[in-house]
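Let us walk through this protein one step at a time. Keep the sequence and the 3D view side by side as you read.

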Amino acid sequence: MTVWIINGPNLNMLGIREPEIYGKETLADLERFCRAAGAACGAAVEFFQSNHEGELVTMIQQALGRADGIVINPAAYTHTSVAILDALKAVALPAVEVHLSDVSRREEFRRVSYSSLGCRKVIAGKGFEGYREAIGWLTKLTEEEIPKEKAKRNL
Ligand code: CA2
């Protein structure tokens, strides 16, 4: 089981600015946290961050055939990007959208999420824990769906 974790613009600033919203830990801390969370449930984790919409689209496309699931924090592109939504729909891998902050309690424009329309689940406002929950959820889903798919094929 391999989970790709894809992070959007400005998340490389974690721990450097706005600690009152995003916490004091850095992107490198988040990567370590996700690798440990993956290892705890038997999942290999690949971790990415980009400030560029097109690169995020390419990463999502490259997950096809390489990942069993995607955890994505598209950051600001959550609220604007039809391209990221289309990429998630195109690969049709199980995906979970994660936000460190509680986007429902911030500015009005953060309540809109295009990318979530291509995701099976959204987790917001739980900080790093949201990533752990997403990895665990995808691992459980894959464990449940693989036997079901096999059973279907034997019918
Ligand atoms: O809460 C989240 O995880 C967000 O995806 C973060 C985005 C924001 O645009 C979304 O509405 C919610 C912003 C990421 C910027 O991260 C920073 C981290 C530290 C300092 C400055 C920005």
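Start with one residue. V45 lies in strand β2. Keep in mind that the model is a predicted one. Is V45 buried or exposed? Its relative accessibility is 7%, and buried means under 20%, so V45 counts as buried. Now look at what surrounds V45. Leaving out residues up to four places away in sequence, V45 touches V3, I5, C34, R35, G38 and I135. Compare that with G23. V45 and G23 are 22 residues apart along the chain, and their C-alpha atoms are separated by 22 Å.

Step back to the sheet. How many strands form the sheet, and in what order? Five strands form it, in the order β2-β1-β3-β4-β5. The sheet is open, and the pairing is parallel. The edge strands are β2, residues 44-49, and β5, residues 121-124. Each of these two pairs on one side only. From one strand to the next, the twist averages 20°.

Strand β1 covers residues 2-7, and six bridges join β1 to β2. The two strands run parallel. Helix α2, residues 27-40, lies across β1 and β2. Its direction is at about 160° to β2.

Move along the sheet to β3 and β4. Strand β3 spans residues 69-73, and three bridges join β3 to β4. These strands also run parallel. Here the bridge partner of V71 is V96, in β4.

Stay with β4 for a moment. Strand β4 takes in residues 95-99, and five of its five residues are buried. In a regular strand, side chains alternate between the two faces of the sheet. Which residues of β4 lie on each side? A95, E97 and H99 are on one side, while V96 and V98 are on the other. Both faces of β4 are covered.

Now visit two loops. S101 lies in the loop between β4 and β5. With a relative accessible area of 9%, under the 20% cut-off, S101 is buried. Setting aside neighbours within four places in sequence, S101 is in contact with I21, Y22, R106, A124 and G125. The other loop runs between α3, residues 53-62, and β3, and L64 is found there. Apart from neighbours within four places in sequence, L64 is in contact with V91 and L93. Y131 is 67 residues from L64 along the chain, and the C-alpha atoms of L64 and Y131 are separated by 20 Å.

Finish with the empty space. Rolling a probe the size of a water molecule over the atoms shows where such space is left. The largest pocket holds about 330 Å³ of space. It is lined by 18 residues, and the closest to its centre are P9, N10, L11, Y22 and A75. By class, the lining of the largest pocket has nine nonpolar, five polar and four charged residues.

The second largest pocket holds about 150 Å³. Its lining consists of D68, P94, R120, L141, T142, E145, I146 and E149. How many of these are charged? Four are charged, three are nonpolar and one is polar.

Terms used. Residues are numbered from 1 along each chain as its sequence is written. This is a predicted model: local features need pLDDT of at least 70, side-chain atom pairs count only at pLDDT 80 or more; totals for chains, interfaces and linings use all residues. Side-chain values use heavy atoms; hydrogens and water are left out. Two strands pair if DSSP finds at least two bridges between them. Helices (H or I, at least four residues) and strands (E, at least two) are DSSP runs, numbered from the N terminus. Axes are lines fitted to C-alpha atoms, for helices over the stretch in contact, and angles run from 0 to 180 degrees between N-to-C directions. Contact means heavy atoms within 4.5 Å. On a 1 Å grid over the protein atoms alone, a cavity is a set of points where a 1.4 Å probe fits but cannot get out, and a pocket is an open set with protein on both sides within 12 Å along at least five of seven lines; lining residues have an atom within 4 Å of a point. Grid points are joined across faces, edges and corners, and a volume is the space filled by probe spheres set on the points. Ala, Val, Leu, Ile, Met, Phe, Trp, Tyr, Cys and Pro count as nonpolar, Asp, Glu, Lys and Arg as charged, and the others, Gly among them, as polar. Buried means under 20% relative accessible area, exposed over 50%, partly exposed in between (1.4 Å probe, protein chains only).
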